[in-house]
Number of protein chains: 4
Amino acid sequence: MKVIVDKKGRKYIVKDKEFSSEKGIISKEDIMNAEIGDELETHMGKKYRVISPNINDYIDLMKRKCAILLPQDLGLIVGFTGIGYKSKIVEAGSGAGSSLLFFANIVGPEGHVSSYEIREDFVEVIKENINGTEFNNITLNHQDVTEGFIEDDESTDLVFLDLPRPGDVIEDAYRILKMGGFIAIYTPFVEQFQIASKILRKYGFKQINIREGNVREMEYKNNRTRPNSRMAGHTGYITFARKI
Amino acid sequence: MKVIVDKKGRKYIVKDKEFSSEKGIISKEDIMNAEIGDELETHMGKKYRVISPNINDYIDLMKRKCAILLPQDLGLIVGFTGIGYKSKIVEAGSGAGSSLLFFANIVGPEGHVSSYEIREDFVEVIKENINGTEFNNITLNHQDVTEGFIEDDESTDLVFLDLPRPGDVIEDAYRILKMGGFIAIYTPFVEQFQIASKILRKYGFKQINIREGNVREMEYKNNRTRPNSRMAGHTGYITFARKI
Amino acid sequence: MKVIVDKKGRKYIVKDKEFSSEKGIISKEDIMNAEIGDELETHMGKKYRVISPNINDYIDLMKRKCAILLPQDLGLIVGFTGIGYKSKIVEAGSGAGSSLLFFANIVGPEGHVSSYEIREDFVEVIKENINGTEFNNITLNHQDVTEGFIEDDESTDLVFLDLPRPGDVIEDAYRILKMGGFIAIYTPFVEQFQIASKILRKYGFKQINIREGNVREMEYKNNRTRPNSRMAGHTGYITFARKI
Amino acid sequence: MKVIVDKKGRKYIVKDKEFSSEKGIISKEDIMNAEIGDELETHMGKKYRVISPNINDYIDLMKRKCAILLPQDLGLIVGFTGIGYKSKIVEAGSGAGSSLLFFANIVGPEGHVSSYEIREDFVEVIKENINGTEFNNITLNHQDVTEGFIEDDESTDLVFLDLPRPGDVIEDAYRILKMGGFIAIYTPFVEQFQIASKILRKYGFKQINIREGNVREMEYKNNRTRPNSRMAGHTGYITFARKI
């Protein structure tokens, strides 16, 4: 898998076969021989640059059936839980798999991400999206997480939940977390973090923090600077807590 | 190195020697035998729990001589640049080494962080802080980064700058980045990102985005919910750009 | 002039003549006899309620040729300058006249608003918009404000500027302000408030404060609460200063 | 009553008697003769300037026993309800009277503010604060507003509530509002606006909008610009609704 970009920054994934667009064709051979930094040209003269892709490129281009978590929210989780290579992460409510892949890219081959998804159609999408990558540190569990995590020891560094009713699995999340491990719960609504907070407290979690991250872009053009007039007013609340 | 916490969540690093506080002493033997999740008790009865530490625990407890980057800002960088295990990162303006350690923890043994710091006193602090860890994927360069990065090929995934005048090294940053790699520049002031933007454009960087991340905490106590009345109005702007 | 609303809250101005919409006609007689709170019905059965209009209703419905200041920004000016009935206000860059009418409605018959607008087409729009009201406390000056305010004594409580280059009139604004009076300068861009601040300082203004007001709406539907996901990221900066 | 300021912008109210500070004395005669813009000097040489005071000066200097509403929140109410001279306002939960005086200053002699306060000690403070002014458009009702407003017709333009349980008076607020009039409810907590919203809907209010206003200051010093690092994360929610 390679990622190519045109002059305008539009990205495409190319696999080891002919690439065909309305601006012409690049041969399979050209693609296979291309290295990062090379320029590829269609028979109609449209030019693309081969770039070193990162996980966000892949997430941007992968198949979706649902909204995906934004980079700032995934970043907030990494920032406040301190996960890194070798971390063991368990997540539920995988959607199209964007958080799954994002985490897999961080924890690396010595780490692991175990993901739970109840919906058949989402599982199919996620499988397809995983297959496009080279990760071998992922377990995808097609099952109802409210029946319990299959993990059987306290080896998890982070449990991440993106579920309508995250409270149903908080007790079991505590069971599989390391002493010192974190839970992070993404919810759009106030009522969800209220219930989650109560249940977190009930099952012994400490340092409960409900955070909302907002990112605003600044525009600087023609020597004029201002905040972008459009911004997301809200993506979601992320409730963090620690097993201590 | 182990991290222990008391009931109130106060954290302490303990090394393989006697731990002594005003609440009493824990013996060297107890500490060496302790495993994650164990409870340790001083001779005066004060109890501590051994937790699995993460990189933030270490950063919270390490030696400082300056302000450090906040978790939300480090998270923003991870979120928007998609770095992960194996990434090669070059940073300048290391301060006490918080971003250095945060990145080293993510990129892992197959990745690498090369850090530049001009000030002797900061270098000493950073060395001490690195020595407290087990990372062997760090190079600390005590040198003036405006004289050029020592890296000599296009193998860098991310250049991170926390310098008063980041513009001075943008051209050389372009040289050492992979095609597809990112630069992220942290600056408190508008004037800094203005200059940086212009220089980024001049040297061919694309997709220049100036972002400001704000985190607000929600309070939920006694069935009453409200945003915390205190919040940081501003930490800094982070200017992102890509070599494409 | 009366304001009527339908069930969905859509507002219409009706004058003393027949009102005709695609949902039918209300006779001139019915309109003239209607009092606040009455229900009016078209011959096709569409119902409207006569409401007590406020200045915002009128601003919402008036003729425009340009963007208008938002209620939160006008409110910020009232809030921080403490203007009220009897205040004397001088403004420049009237646009369609929204701030002019908003201020006229506050200062009342014992107060006064003097407004400067250079563009002929805007002056025509403003005149028309003023004519729809009963205000007799407004002077509209069709002239280039950079040539000086016509006011000749220190009797002004507030000078409000919504100009591309507000700095050109700051010295003269100082001349016409009461000791204790305020200037408020609306600018979308950072560069504008930077220049304005310098000039304000140069001409002796004190208590210079650059403020940015943001309003976020909360949604509460079906027992679910969340911030509205859409919000204006930026309307403008308002620079306040006082002649002291 | 006059307001004088020193070089640093510190304000003092002076009445028609000798003014005495640690920097010396200004005679009663000097004060009585002083006009706006004049400089007054103590016998020790400390200089003050007589300024034209606005309502915020008075609110800043008046007696308090409680937190007062911030200018941005009062401004938001003016901005979104469009009140002005001649408006009839009824408010409950007057605190020290800051909103009362702010509104009285806007509605002027042809308008009116009727204020309800249950606590004896607050009523005394408010009376004292009103006495310092020349407003004669205020009625202060020392009574429990949950027993009903004394107003007996639909002549109110705005009902403003700053009560722990605003829901108790919403039905009666509807009764006294003009068709087209507004209610504005200030509450620090989410739970309060949830209950208020439900009751507003129950009693027929329309256009229910829950707004949160935040003001951020920009710093511009020594050619360096940045948002102020301190800002209020939250003052309160203001729920607006209209009788239509």
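Start by selecting β14 in chain A and strand β14 (residues 230–232) of chain C: three bridges join them, and the two strands run antiparallel. (Strands are DSSP runs of E with at least two residues, helices are runs of H or I with at least four, and both are numbered from the N terminus; two strands pair if DSSP finds at least two bridges between them.) Click on Ala232(A) and look across to β14(C), where its bridge partner is Arg230(C).

Some housekeeping: this is a predicted model, in which local features need pLDDT of at least 70 and side-chain atom pairs count only at pLDDT 80 or more, while totals for chains, interfaces and linings use all residues. Residues are numbered from 1 along each chain as its sequence is written, chains are lettered from A and ligands numbered from 1 in the order in which they are written, and side-chain values use heavy atoms, with hydrogens and water left out.

**Stop one: chain A against chain C**

Turning chain A by 180 degrees, with 0.1 Å of shift along the axis, superposes it on chain C with an RMSD of 0.1 Å; that is the relation of a two-fold axis. (Superposition here is by least squares on the C-alpha atoms of residues with pLDDT of at least 70 in both copies.)

Now colour the contact residues, meaning those with heavy atoms within 4.5 Å: 23 residues of chain A touch 22 residues of chain C. Of the interface residues of chain A, 96% are also interface residues in chain C, so the copies meet through the same surface.

Together the two chains bury about 1,700 Å², 49% of it on carbon and sulfur atoms. Buried area is the accessible area (1.4 Å probe) that two parts lose on being put together, summed over both. Select Phe189(A), Arg224(A) and Arg226(A) next: they supply 27% of what chain A buries against chain C, more than any other three residues.

Then zoom in on Arg216(A), which forms a salt bridge with Glu212(C), with the closest N and O atoms 2.8 Å apart. It takes a side-chain nitrogen of Lys or Arg within 4 Å of a carboxyl oxygen of Asp or Glu to count as a salt bridge, and this interface has two.

**Stop two: chain C against chain D**

The same surface serves both copies, as 100% of the contact residues of chain C recur in chain D.

How many residues does the contact take from each chain? Chain C gives 62 and chain D gives 62. The area buried between them is about 4,600 Å², and carbon and sulfur atoms give 57% of it.

For a close-up, select Asp57(C) and Arg242(D), a salt bridge whose closest N and O atoms are 2.5 Å apart. The interface of chain C and chain D has four salt bridges.

Finish on β12(C), which pairs with strand β12 (residues 206–221) of chain D in the antiparallel sense over nine bridges. Select Met218(C) and you'll find Ile210(D) opposite, in β12(D).
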